[in-house]
Amino acid sequence: MGYKKAEEVLPGDLIDRIQQYVDGEMIYIPRRSDKRRAWGAGTQIRKELSRRNRQIYKDYLGGEGILELAGKYYLSEKSIQRIIREEREKLII
């Protein structure tokens, strides 16, 4: 998310109107709903998490326990259980 000076992108009368509500503070103007991107669309994080989750499942199938995996990947036991369940379901479908 980039920041722009209001004076450079908004007409003066609109700035005056906005200042009636917030004066000298930063505000966030969200994207229009038709222009929103999905979470992680701008980065590789989805691929990285998918790769990590497959490795967790592979380690689990290799005999590592849930508690051990939680410590190894710095996740809660519940998260490890959820990842294992989701990876198992992907293989079934």
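Tutor: Of the 93 residues of the protein, 15% count as buried, where buried means under 20% relative accessible area with a 1.4 Å probe, protein chains only. This is a predicted model, in which local features need pLDDT of at least 70 and side-chain atom pairs count only at pLDDT 80 or more, while totals for chains, interfaces and linings use all residues. Residues are numbered from 1 along each chain as its sequence is written, and side-chain values use heavy atoms, with hydrogens and water left out.

The protein has five helices and zero strands; helices are DSSP runs of H or I of at least four residues, strands are E runs of at least two, and both are numbered from the N terminus. Its radius of gyration is 23 Å, whereas a compact globule of 93 residues would have one near 12 Å; the radius is taken over C-alpha atoms, and the globule rule is 2.2 Å times the number of residues to the power 0.38. Along the principal axes, the C-alpha atoms fill a box of roughly 65 × 30 × 20 Å.

Now the packing itself. The largest nonpolar core consists of eight residues: Ile-56, Tyr-57, Leu-69, Ala-70, Tyr-73, Ile-80, Ile-83 and Ile-84. Such a core is a set of buried Ala, Val, Leu, Ile, Met, Phe, Trp, Tyr and Cys residues joined through side-chain atoms within 4.5 Å. Two or more of its residues come from each of α3 (45-61), α4 (66-73) and α5 (77-92).

The axes of α3 and α5 come within 9 Å and cross at roughly 90 degrees; axes are lines fitted to C-alpha atoms, for helices over the stretch in contact, and angles run from 0 to 180 degrees between N-to-C directions. The two helices, α3 and α5, are therefore roughly perpendicular, a label for angles of 65 to 115 degrees. On the α3 side, Arg-52, Asn-53, Arg-54, Ile-56, Tyr-57 and Tyr-60 meet Ile-80, Ile-83, Ile-84, Glu-87, Arg-88 and Leu-91 of α5, contact meaning heavy atoms within 4.5 Å. By class, the α3 and α5 contact has seven nonpolar, one polar and four charged residues. Leaving out residues up to four places away in sequence, Tyr-57 touches Ile-84, Glu-87, Arg-88 and Leu-91.

The axes of α4 and α5 also come within 9 Å, crossing at roughly 105 degrees, which makes α4 roughly perpendicular to α5. Here Ile-66, Leu-67, Leu-69 and Ala-70 of α4 contact Glu-77, Ile-80, Gln-81 and Ile-84 of α5.

How values were computed. Buried means under 20% relative accessible area, exposed over 50%, partly exposed in between (1.4 Å probe, protein chains only). Angles under 35 degrees count as roughly parallel, over 145 as roughly antiparallel, 65 to 115 as roughly perpendicular and the rest as oblique. Ala, Val, Leu, Ile, Met, Phe, Trp, Tyr, Cys and Pro count as nonpolar, Asp, Glu, Lys and Arg as charged, and the others, Gly among them, as polar.
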